[in-house]
Each structure stands twice: as C-alpha cells, then as structure tokens.
Amino acid sequence: MITIPYLTALTTYFSYGLLFAFGQFRDFFRKIFDWWRANNLQGYAPICLGLEDFYIRRLYLRIQDCFGRPIASAPDAWFDVVERYSNDNNKTLKRTTNISRCFNLGSYNYLGFAASDEYCTPRVIKSLKRFSPSTCSARVDGGTTTLHTELEERVANFVRKPSAIVFGMGYATNAAILPVLIGKGGLIISDSLNHNSIVNGARGSGATIRVFQYNTPLHLEKVLREQIAEGQPRTHRPWKKIIVIVEGIYSMEGELCKLPEIVAICKKYKAYIYLDEAHSIGAVGKSGRGVCELLGVDTADVDVMMGTFTKSFGSCGGYIAGSKELIQYLKYSCPAHLYATSMSPPAAQQIISAIKVILGEDGTSRGAEKLAQIRENSNFFRSELQKMGFEVLGDNDSPIMPIMLYNPAKIPAFSRECLVQKVAVVMVAFPACPLLLARTRICISASHTKEDLVKALEVISQVGDLVGVKYFPAEPEKQEQLKEMIKMD
C-alpha cells in the first residue's frame, strides 16, 4: 500500500479542507441570494444532490480542462489534441479549431496497433466493405459472423484455454459476467483495488462480498480461512461457491499480481480464480500472453480468464476464456451475449490481425519486436523517473507507471504545464482513486522512440521541479545525463 509522507499528507488534508470550506461557504450564500427565485422543481426532489454533486461543482469543475481532452487523430505516439477555452471559469468548455501536436503518454496503445498498421488496416477495411460497421443484431439472432467464430477460436488458442466468448465492450464483460457466475449463497473475495467494472459486477450478483488487502496473498488466505469457518451470514451454512477476483496488472498502480501465491492459496481452499487481464494480455510475457506466461503460471490453474481488446490490440470489446462447459453455459445465460449487439465485424478483424502479428503469423518478426520494444521502453522510462526523484508505482515490465502527486493543486498544475510543452498525460483523481492519492498515469507504447522518451523525460523533470512533486532525492548529474542522451540521439 502507498504510504504518504507526513508533511505531504498534512498539506493535502489542508488543501482539501480549504476547498471544502470555501465550497460550503459559497453554497451557503448561493442559497441566500437564490431563495426568492421561482422553484422549478414543482414538488420533485433535486435529482443531483449530495457530496458527489458538491465535489463536481466545487472541486472538479475548477480543473475539468485537465480531463476528457478531445483528440483529432489516431492515438499514436504523437497525436492531435483539440484546444478548448472557457468563458465561465471552467464550468463549460468550448472546442476551438486549433490543435496541438502532442507526445502521447496517456493512451493504452501498448503495442502500437491503434494507429494505421501495414498488416491490420487493409484487412479491417476489407472486412468493413464485406460485413458493414455493425451486425445490427445480438449474437443469438443474426449477429454471429464468421469473424466472431474465428476470433473466439484464436483468443482461446492465444490464452491457452479450451474455449472463449467475446463481447462488444470490455467494461460490460466484467459487469455482466459476474452476476451469471455467482449469486446468492456464494462468496466473492475481491482485491481492494479491483476495477470498478468488477466492483459493480460483484454488487449486481447478489453474492456476499469480502475484500482483501491490495495484492496481499497472506491477507487473502486469512479472509478465506475466516469466511470458510463462519459460512453464510445468519445460517452459517457452507458457501455454495467461492470466487477470488484479481487483476493481472492493476490499472491505477501498474503493479503485477502476485499470481503464483494466490493460485496456491486458492488451490488449498478450493476457491475459483477469476483473473482480469485487461492491461496485461498482449503487453507482457515473452509472446504477449499476459501474466500467466510472465510469472510462469499454468493457465489450467486459472478458472476464468478475462481480458479486453482495447489496450494491446487496438480495438474494442472483451473476452472470457475457460473450460468448454463454462463458455457454453455463458452463451446460454449471459445477458451481454443474449441481448447486446455483437462486436463490430471490423473491430473483430482488427483483433484477429493483431494476434497474427503478435504470433508472427503475418510472416514477419514485427510482433516479437513490438513486445521487446514495449518492455525496453517501460523499464527505461520507469528507471529514469525514479532516478529523478519521482514517486513511481508499479513493477518492472509493466507499461503503466503512475507518478504520485497527492495535493489537489498539483493536479492541474502538472497537467497544464505538460500540455504547454506538448506532452499529453492522463490525470487520475477521485473517484478513480482515493481522495488523497491523486496521480498522473503514464502509459508506455512500443511505438514510442527512444529519442521521444528522452525528450518527454526532460519535460516531466522540468514540470516536476516547477510543481514540486519530486518527493525523493534525485541522482546528481541526472539533468546533464539527459541532455547528453538527447545530443547523442
């Protein structure tokens, strides 16, 4: 878990307290000045009310220009960011016709497939002409094309599972599958920092939910042992089913799951494992097969493997891979398969083509080169950031590297200064992470060149000095080394 330095925690608490106090102060006077105006609710309760509404109005809107920036090109290593302006103190933002060409450190374009590709793009265009953009039907009606069937076979082979099923949306894969897998009388033990799609899927299942400390196998074992001993609430009957849910790479922390230890514990207590590989499939492992390959875990030991196509494959949607019996059951009972429109055929073709490139079935070694490049880029960038004195989360080989900011004033300052210097970064704040743990999240791509990464490091270092987010002492002569690297490149 993240340990906040005492002084940083104190100043962060003070900053949020000040913002909260001034927000309440302004709301108080707003009620006084607006009491005489006509009430447009006509007896209805306010639809937007509570702390969330207060947070949006008094905190988020002040810095909303740092979020949701529209782009006007493919999310490649460099992309076009549309400039915006506001005439009402950031309450509303208006787009302009001006664009800024920025270095992209925010997109999940891990292997570079999101841009035009010499192998994938012509085949996607051909599939668009043949199948059209949409099937306009659910899978069980007229929405299953030959591409969907081929994709499911290729995904199963790629993750080394007997069978697979694909969906048109990654978020919905978790949210729709979990209520089908488990229900009342079952127990879900979820990592405390699992993705929101897992949280909502677990809540919708009706199962009892228990949480274990982030990526801590010892605490998982403790929770498992206690819950098996106690049984179901009130009746104390044995649980009908126990599912442990973890992520391969945690999207806001960049840390690899301690999968071998978790697998051993689940085997010991006869609990099923549900592995979310949204950020790890295609991005890590010798052949891009995710954390199981990277950490040496047999996929037969993971009962349910989930992943998305929105990161490493440059497409959309998600998949579930498992036994043939499991996948057949999901095809008969999962609402996302029965009622939702199937994945767009061109999107399916993009994934098929990307998998072929990764495995070298396109007749080249580009896939292996991309995997080697993202690993090299990720480890280089992480190492350099740490040497500069930034607090960087995550493990080696992970393409996700959050830089901790903490203080709310540093969120817009860091984002805006980077944008001025043509580096686009993603800011992460509440509710995507705990209130006190604001950060910027860097996502590395195989399409990034060494020269561009070195220049981006220089910009981030300068902004870090300006904003004051280097919480650790930097190595001496670091700036000189960076300048030398730029000259050499």
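A residue is called buried here if its relative accessible area is under 20%, exposed if it is over 50% and partly exposed in between, with a 1.4 Å probe and protein chains only. The structure is a predicted model, so to speak of local features takes a pLDDT of at least 70, and side-chain atom pairs count only at pLDDT 80 or more, while totals for chains, interfaces and linings use all residues. Numbering starts from 1 along each chain as its sequence is written, and side-chain values rest on heavy atoms, with hydrogens and water left out.

Cysteines come next. A disulfide is taken to be a pair of cysteine sulfur atoms within 2.5 Å, and the count on this rule is 0. For Cys 266, the nearest cysteine sulfur belongs to Cys 257 and sits 9.5 Å away, and Cys 266 is in no disulfide. Cys 136 has its closest cysteine sulfur in Cys 316, and because the gap is 15 Å, that is too far for a bond. Cys 136 is exposed, at a relative accessible area of 68%.

Two stretches carry annotations from UniProt, whose positions are given in the numbering used here, with shortened feature names; such annotations may be inferred rather than shown by experiment. An unreviewed entry there marks residues 6-25 as "transmembrane region". In the model, this stretch is 100% helix and 0% strand, and its end C-alpha atoms are 28 Å apart. Helices (H or I, at least four residues) and strands (E, at least two) are DSSP runs, numbered from the N terminus. The unreviewed entry also places "domain: Aminotransferase class I/classII large" at residues 102-460. Over residues 102-460 the chain is 42% helix and 16% strand, with 13 Å between the end C-alpha atoms.

On to the sheets, where two strands pair if DSSP finds at least two bridges between them. Asp 80, for instance, has Arg 101 of β2 as its bridge partner. Axes here are lines fitted to C-alpha atoms, for helices over the stretch in contact, and angles run from 0 to 180 degrees between N-to-C directions; contact means heavy atoms within 4.5 Å.

Another open sheet has 3 strands in the order β10-β13-β12, and here the pairing is antiparallel. The edges are β10 (400-406) and β12 (426-428), each of which pairs on one side only. From one strand to the next, the twist averages 30 degrees. Strand β12 is joined by 3 bridges to β13 (residues 438-443), and these two run antiparallel, with Val 426 standing opposite Arg 441 in β13. Helix α13 (residues 366-388) lies across β10 and β13, at about 25 degrees to β10.

For aromatic side chains, rings of Phe, Tyr and Trp (its six-membered ring) pair if their centres lie within 6.5 Å; planes under 30 degrees apart count as stacked, over 60 as edge-to-face and the rest as tilted. Searching the whole structure turns up 12 aromatic pairs. One of them is Phe 20 with Phe 54, edge-to-face, at 5.1 Å centre to centre and 65 degrees between the planes. This pair ties together distant parts of the chain, 34 residues apart: Phe 20 is in helix α1 (residues 6-34) and Phe 54 in helix α2 (residues 51-58). Phe 20 is partly exposed at 39% relative accessible area, whereas Phe 54 is buried at 6%. Elsewhere, Phe 158, Phe 309, Phe 313 and Tyr 319 make up one aromatic cluster.

His 337 sits in helix α11 (residues 335-338) and, at 5% relative accessibility, counts as buried. Leaving out residues up to four places away in sequence, His 337 touches Ala 138, Arg 139, Val 140, Ile 165, Phe 167, Leu 330 and Lys 331. Thr 299 is found in the loop between α9 (291-295) and β8 (304-308) and also counts as buried, at 12% relative accessibility. With residues up to four places away in sequence again not counted, Thr 299 touches Val 159, Arg 160, Lys 161, Cys 292 and Met 305.
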